[in-house]
Amino acid sequence: MSHGPRSGLAAVSSALLAMSRHLEVRDVLKTIVASARELLDAQYAALGVPDDHGGFAQFVVDGVSDEQWKAIGPLPRQHGILAAMLHGATPERLADVRKDPRFEGWPAAHPDLVDFLGLPIRDGDEVIGALFLANKVRPAEGPRPCPEPDGACGFTADDEDLLGILAQHAAIALTNARLYERSRELTIAEERSRLAHELHDAVSQKLFSLRLTAQAATALVDRDPARAKGELQQVATLAAEAADELRAAVVELRPAALEEDGLVATLRTQIQVLDRAHAARVTFAGHGVKALPAAQEEALLRVAQEALHNALRHSGAEHVGVTLHRRGTGAVLRVTDDGGGFDPRAVRRAGRHLGLVSMRDRAGGTGGRLTVRSAPGEGTTIEMEVPGG
């Protein structure tokens, strides 16, 4: 292949690594499009993910400004050349797309496309997207399209081969991103269920106390009005606390917005919920932690949740403290409780009971490490360190 310096092995390798680095579907699509446009010296690039209704669930472009994109209007439908790539599942390399009998025109604000190279993105037998480039630029004269499709600048068979390689890896990256998002949705559902259970327990306890206190006040009304008044004041207090817990259930039981809010804010919010839901005092402090790779942030969050669950359900602790602070380019999470503790040497029994095996797996899976310090009667400290990125 002879595509200039950017199409060498290092450039291709960088593009493939960039695709695999992202976990969000939208980020993967943007990376694929930008990589293809740069490697093949095209003026425009686009990638469409079809829906089941003749349109596109997602459509990402590169080489078009935000203002141009807004002026173009609605997303394209599955017709013309795009439909051929999606349904015929064959590559399309054209000297002038405007002269193809399947060409159906484009909106007034759409850029003028001439030479065209497109091909489907496949996951097995399923076509999951269409990737295409337009307007090969003059490598020696900067990013100007060829004025005429005379063959001097049009896309070549080598270009088609290279785009085919990118499409194969794009299919892998896109499939992985979709699996990640589905996995995250399941994790969010599990977390919502767990928090709902804990909030339900807390509200139920307060409502039970409220009922007993109201019964006591009823029994005292005639023989000891002063005490009855005190009990009724306690009823009012318990009712207010129960109302607070119900409001927390409405406000806080939403998907964990790790991407939007960040690790520190997400941890702080969840710990505030647990502090209200349990008799133990639960506190959080975060110091100087910057954004970490997504996989490391998720692992830290899950380990914190597991350690908090253990401390609040099994240790009998009066206080559970969570800290997150920066260490080098990474971070250290520490969950400490003053509960009953356990013997870490009893790894088989304690490890399975307290989820230590899964916590160690999460830490190791992100290049981090987990440390557990505990002894009977002396509480427990679980520390996880990640390297950052």
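A search of the whole structure finds 12 salt bridges, a salt bridge being a side-chain nitrogen of Lys or Arg within 4 Å of a carboxyl oxygen of Asp or Glu. Before we visit some of them, a word on the model: it is predicted, so local features need pLDDT of at least 70 and side-chain atom pairs count only at pLDDT 80 or more, while totals for chains, interfaces and linings use all residues. Residues are numbered from 1 along each chain as its sequence is written, and side-chain values use heavy atoms, with hydrogens and water left out.

| Pair | N to O distance |
|---|---|
| Arg 102 and Glu 92 | 2.9 Å |
| Arg 93 and Glu 160 | 3.0 Å |
| Asp 159 and Lys 136 | 3.2 Å |

Let's start with the pair of Arg 102 and Glu 92, whose side chains meet in a salt bridge. Arg 102 sits in the loop between β3 (92-94) and β4 (116-123) and Glu 92 in strand β3, so this pair ties together parts that are 10 residues apart in sequence. Helices (H or I, at least four residues) and strands (E, at least two) are DSSP runs, numbered from the N terminus. Glu 92 is buried, at 9% relative accessible area, and Arg 102 is partly exposed at 30%; buried means under 20% relative accessible area, exposed over 50%, and partly exposed in between (1.4 Å probe, protein chains only). Both residues also belong to a network of salt bridges that links Glu 92, Asp 100 and Arg 102.

Next comes Arg 93, which forms a salt bridge with Glu 160. Arg 93 lies in strand β3 and Glu 160 in helix α5 (residues 157-220), so the pair ties together parts that are 67 residues apart in sequence. Both partners are partly exposed: Arg 93 has 40% relative accessibility, and Glu 160 has 22%.

Asp 159 and Lys 136 are both buried.

## Loop and helix

Back in the loop between β3 and β4 we find Asp 96, a buried residue with a relative accessible area of 9%. Its side chain makes a polar contact with the side chain of Arg 98 at 2.9 Å. A polar contact is a pair of N or O atoms within 3.5 Å; within protein, one must be able to donate a hydrogen and the other to accept it, and residues adjacent in sequence count only if both atoms are side-chain atoms.

Leu 166 is another residue of helix α5, and it is buried with a relative accessible area of 0%. The C-alpha atoms of Leu 166 and Leu 131 are separated by 9.6 Å, although the two residues are 35 apart along the chain.

Helix α4 is largely enclosed by the rest of the structure, because 7 of its 9 residues are buried. Among them are Gly 80, Ile 81 and Leu 82. Just after α4, Ala 89 takes a positive phi of about 55°.
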